[in-house]
Amino acid sequence: MAEQRHVALYVTGSIAAYKALVLTRLLVKDGVSVRVVMTKAAEAFVTPLSFQVLSKNAVATDMFAGTDVKAVDHIELADWTDLAVVAPATADIIGKLANGIADDMASLTLMATSAPKLVVPTMNQHMLDNPATARNIATLKQDGISVMTPASGFLAEGYSGRGRMPEPEEIMRAIKDLRPRKTPLTGKKVIVTAGGTRERIDPVRFITNDSSGKMGYAIAEEMQQRGAEVTLISAPTKLKVPAGVKFVSVLTTEDLAEAVTTAFKQTDILVMAAAVADFKPVSSADQKIKKSADNDQMTIKLTKTADILKQVAKLKQPGQITVGFAAETQNLLDNAQHKLVSKQLDLLIANDVSKPGVGFNGDTNQVTILQPDQAPIKTTLADKHTIAKQVVDQISQRVQKEG
Ligand code: CTP
């Protein structure tokens, strides 16, 4: 738990509040500094004094207490926090957190906290199943907040069901599984491109390719989760933009080239996962092209588009990292090695798209990662999120080396 030295524990009104005492003790035992915030309802079940004794820190309960004249209490605590844990989390605090309500010390401080958050819903099964609660929990997840699944078992109401607070040991494990707050990618400005560009033939037709955008989106999500400031520049896909990622929509290779070259100056890492059309029609018809008796055949004349990575190579400053992809159907390593050098890349992710389950359109991939100063790394066939993690691990190591 090296990166989570400062844990703010939010205790809200549930009989399970007594288990939060044990959680405090476990955290302190692990060398973590714990500061507790309690709601009024929590105080009906356990006293602030119990938490104060266990955490050896004052417990915050009142937003108007103003204990420190030199600081604004809730902002000071929010800034101190490496990780905020809400356990037990009632339907009420979940609703406030999901809807931006800040009317007591707990909700106010949580709103001011930019650190990662772990919420441990604890309530009667019927309250958990209430559509409003389900909606609010879904919102928390969309906002990038980690939410634990409540345990099943004997409830305080005297019958069995879902909604129990998981045991403190289990919450400790969930805390340890959270990603460390600071990674080599924290604060890095990253552009990820994704999807297949479209080149118009006429108002109703275009040339494109099989790219689904899944690999690029998975990389954007992984980068964001490791603390990077990610801009996803995407050609059309059917995918949802990952939470916390800035989105720029493009259609053609020209649009993409412009968006990338404009943003590149302010960028630490560029990942070109987009499948870029290499050719576009010389001209696109203003009106729909009609078939007629005398055009049994027709020819569309194509012209080469700009190679975006080659353009970017000319702008590249020391410290900037560029990552390319190479979808090949033959001579994978030779072709990929050539692209690594000719596009002056730091990493090249190559895949043999002629193999089943690899690359375009599916949910899985198998890649070989090439770098100028290292032997190629070949991954096994895995889902694209797993591959994204492996690719981002290598980018992260590169950042560490350069820094
Ligand atoms: N790329 C690019 N601009 C283009 C074409 C491709 O920046 N006009 C990028 C892709 O996003 C990818 C890498 O270059 O990261 C390699 O793309 P790929 O299509 O495999 O290679 P090409 O250079 O187009 O060569 P070829 O199609 O002949 O294999």
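Visitor: Is Glu254 buried or exposed?
Guide: Glu254 is exposed, at a relative accessible area of 56%, where exposed stands for over 50%, buried for under 20% and partly exposed for anything in between, taken with a 1.4 Å probe on protein chains only. Please keep in mind that this is a predicted model, in which local features need pLDDT of at least 70 and side-chain atom pairs count only at pLDDT 80 or more, while totals for chains, interfaces and linings use all residues. Residues are numbered from 1 along each chain as its sequence is written, and side-chain values use heavy atoms, with hydrogens and water left out.

Visitor: Okay, and which residue forms a salt bridge with Glu254?
Guide: That is Lys280, and the closest N and O atoms of the two are 3.2 Å apart; a salt bridge here is a side-chain nitrogen of Lys or Arg within 4 Å of a carboxyl oxygen of Asp or Glu. Glu254 sits in helix α11 and Lys280 in strand β14 (residues 279-281), so the bridge ties together parts that are 26 residues apart in sequence. Helices (H or I, at least four residues) and strands (E, at least two) are DSSP runs, numbered from the N terminus. Lys280 itself is partly exposed, with a relative accessible area of 25%.

Visitor: What about Glu222 and Arg226, how do their side chains meet?
Guide: They meet in a salt bridge of 2.9 Å, N to O, and here Glu222 is buried with a relative accessible area of 3%, while Arg226 is buried with 11%. Glu222 is among the buried residues of helix α10, which also include Met215, Tyr217 and Met223.

Visitor: How many residues does α10 have, and what follows it?
Guide: Helix α10 (residues 214-225) has 12 residues and reaches 16 Å from its first C-alpha to its last, close to the 16 Å expected; the expected span is 1.5 Å times one less than the number of residues. After α10 comes Gly227, whose phi is positive, near 95°.

Visitor: Switching topic: in what order do the eight strands form the open sheet?
Guide: The order is β12-β11-β8-β13-β16-β17-β19-β20, and the pairing is mixed, where two strands pair if DSSP finds at least two bridges between them. β12 (246-249) and β20 (374-378) stand at the edges with a single partner strand each, so one side of each is left without a neighbour in the sheet.

Visitor: Which strands pair with β13?
Guide: Strand β8 (residues 189-194) pairs with β13 in the parallel sense over four bridges, and Ile191 stands opposite Leu270 there. On β16 (residues 321-328), four bridges again join a parallel run to β13, with Val323 as the bridge partner of Val271. Within β13 (residues 269-272), Ile269 and Val271 point one way and Leu270 and Met272 the other way, and all are buried.

Visitor: Which strands does α11 lie across?
Guide: Helix α11 lies across β8, β11, β13 and β16, running at about 170° to β8; axes are lines fitted to C-alpha atoms, for helices over the stretch in contact, and angles run from 0 to 180 degrees between N-to-C directions.

Visitor: Last one: where does Thr253 lie, and what does its side chain make a polar contact with?
Guide: Thr253 lies in helix α11 (residues 253-264) and is buried, with a relative accessible area of 2%. Its side chain makes a polar contact with the side chain of Glu199 at 2.7 Å, a polar contact being a pair of N or O atoms within 3.5 Å, where within protein one must be able to donate a hydrogen and the other to accept it, and residues adjacent in sequence count only if both atoms are side-chain atoms. Leaving aside neighbours within four places in sequence, Thr253 is in contact with residues including Thr197, Val276 and Ile308, contact meaning heavy atoms within 4.5 Å.
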